[in-house]
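These are my notebook entries on a structure I had not examined before. I record what I looked up, in the order in which I looked it up.

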Amino acid sequence: MTAQPVLKTDLVQTQLVKPCLVSSELDIEINKDLSKELKKSTQSKFSKAAASYNTHANVQKRAASDLFALIKPGINKNKLCVDLGAGPLVNTYTLQGMFEGVIAMDLSLNMLQSSDLTTPKICADMDNLPLQANSVDVIYSNFAVQWSANFSALMQSLYSILKPGGQAYISTVVEGSLNEIKTAFAALDSNSHINTFNSELHINQSVQNAGFTINNAKKRIYTDEYTTPLKAIASIKAIGATTQNHTNTRQGLLTKSALQKVCSAYPLINNKACVSYHVVLLSLEKH
């Protein structure tokens, strides 16, 4: 593959075709909708979850499989793909068998370093992508873009970095997710204990406003089952998904009695504690 300018840094082009790790330490202007402290919190929690992520990311794996199914059979393999929110590079490995070049990008340095997969790795914020306009053929992003500070702005950014005819395959968690946990904590107080997710309407409007053509859009509800409410609640911490993007958040750790109250209020189905994720899967194209 002929190397071409992709990064907005002064890296030489040859670095794009061999393993490299770029820590984005530029003066990143964090989107005003999400504080710098919250962005750091997100990075920290996903970094701490790096060791346990693969073991607990069952829903993410199922969503990834469904997202791969949206990629057109016989797609031209002579393309450069970015795995946005690559995590521990599980999907990056699969993408390497589909495209000639794959760049793994994630906010968490620990996630990227947890894999010894030979591929370019870039530690960067999706809300401040260090990529040139019209430089990428394909974007693949599974269970990641819901952590963006501004989904509409992110879609515009992804549209910009894609080449004409470029494609984006995205799965994102939407409104309605983690309702079981929300219900359980409602017995404790009126504060929010889960992240606020975008609505399907906002997702669709943002994608279309950015200029994308929607080739395919699917809604899925993925559910994990646990033997106890405590294990269900712990599951979102194990994948680093406890960062909250709003101010109505309870501060401090739960007392033992408070946690017991939450567990008692957890809705059970056939004596199982479920955690459900409402997910939209998108196949997009830039014309």
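**Entry 1**

I began with serine 135, which is buried, with a relative accessible area of 1%. I take buried to mean under 20% relative accessible area, exposed over 50%, and partly exposed in between, with a 1.4 Å probe and protein chains only. I note that the model is predicted: local features need pLDDT of at least 70, side-chain atom pairs count only at pLDDT 80 or more, and totals for chains, interfaces and linings use all residues. Residues are numbered from 1 along each chain as its sequence is written, and side-chain values use heavy atoms, with hydrogens and water left out.

I located serine 135 in the loop between strand 4 (121-123) and strand 5. Helices (H or I, at least four residues) and strands (E, at least two) are DSSP runs, numbered from the N terminus. A polar atom of the serine 135 side chain lies 2.7 Å from the backbone oxygen of glutamine 132. I also looked up leucine 162: its C-alpha is 5.9 Å from that of serine 135, although 27 residues separate the two in sequence.

**Entry 2: The chain as a whole**

I find 10 helices and nine strands in the protein chain. Of its 287 residues, 50% are buried. Among contacts (heavy atoms within 4.5 Å) with a separation of 6 or more, 78% join residues 24 or more positions apart.

**Entry 3: Nonpolar cores**

I count as a nonpolar core a set of buried Ala, Val, Leu, Ile, Met, Phe, Trp, Tyr and Cys residues joined through side-chain atoms within 4.5 Å. The largest has 36 residues, and Phe99, Tyr140, Val275 and Tyr277 have the most contacts inside it. Elements giving two or more residues to this core include helix 3 (58-68), strand 5 (136-142) and strand 9 (272-285). Another core lies apart from it, with 33 residues, among them Ile103, Val136, Ala144 and Ile203.

I then listed partners of tyrosine 140. Leaving aside neighbours within four places in sequence, its contacts include Ala64, Leu67, Phe68, Cys81 and Tyr169.

**Entry 4: Helix 6**

Leucine 158 is found in helix 6 and counts as buried at 1% relative accessibility. Beyond its neighbours within four places in sequence, leucine 158 is in contact with Leu84, Leu129, Ile139, Ile170 and Phe212. Its C-alpha atom is 9.3 Å from that of valine 136, 22 residues away along the chain.

Which aromatic pairs are there? My search of the whole structure gives three. One of them joins tyrosine 159 and phenylalanine 212 edge-to-face, at 5.1 Å centre to centre and 85° between the planes. Rings of Phe, Tyr and Trp (its six-membered ring) pair if their centres lie within 6.5 Å; planes under 30 degrees apart count as stacked, over 60 as edge-to-face and the rest as tilted. The pair links distant parts of the chain, 53 residues apart: tyrosine 159 is in helix 6 (residues 151-161), and phenylalanine 212 is in the loop between helix 8 (200-210) and strand 7 (213-226).

Both partners are buried: tyrosine 159 has a relative accessible area of 19%, and phenylalanine 212 has 6%.

Notes
A polar contact is a pair of N or O atoms within 3.5 Å; within protein, one must be able to donate a hydrogen and the other to accept it, and residues adjacent in sequence count only if both atoms are side-chain atoms.
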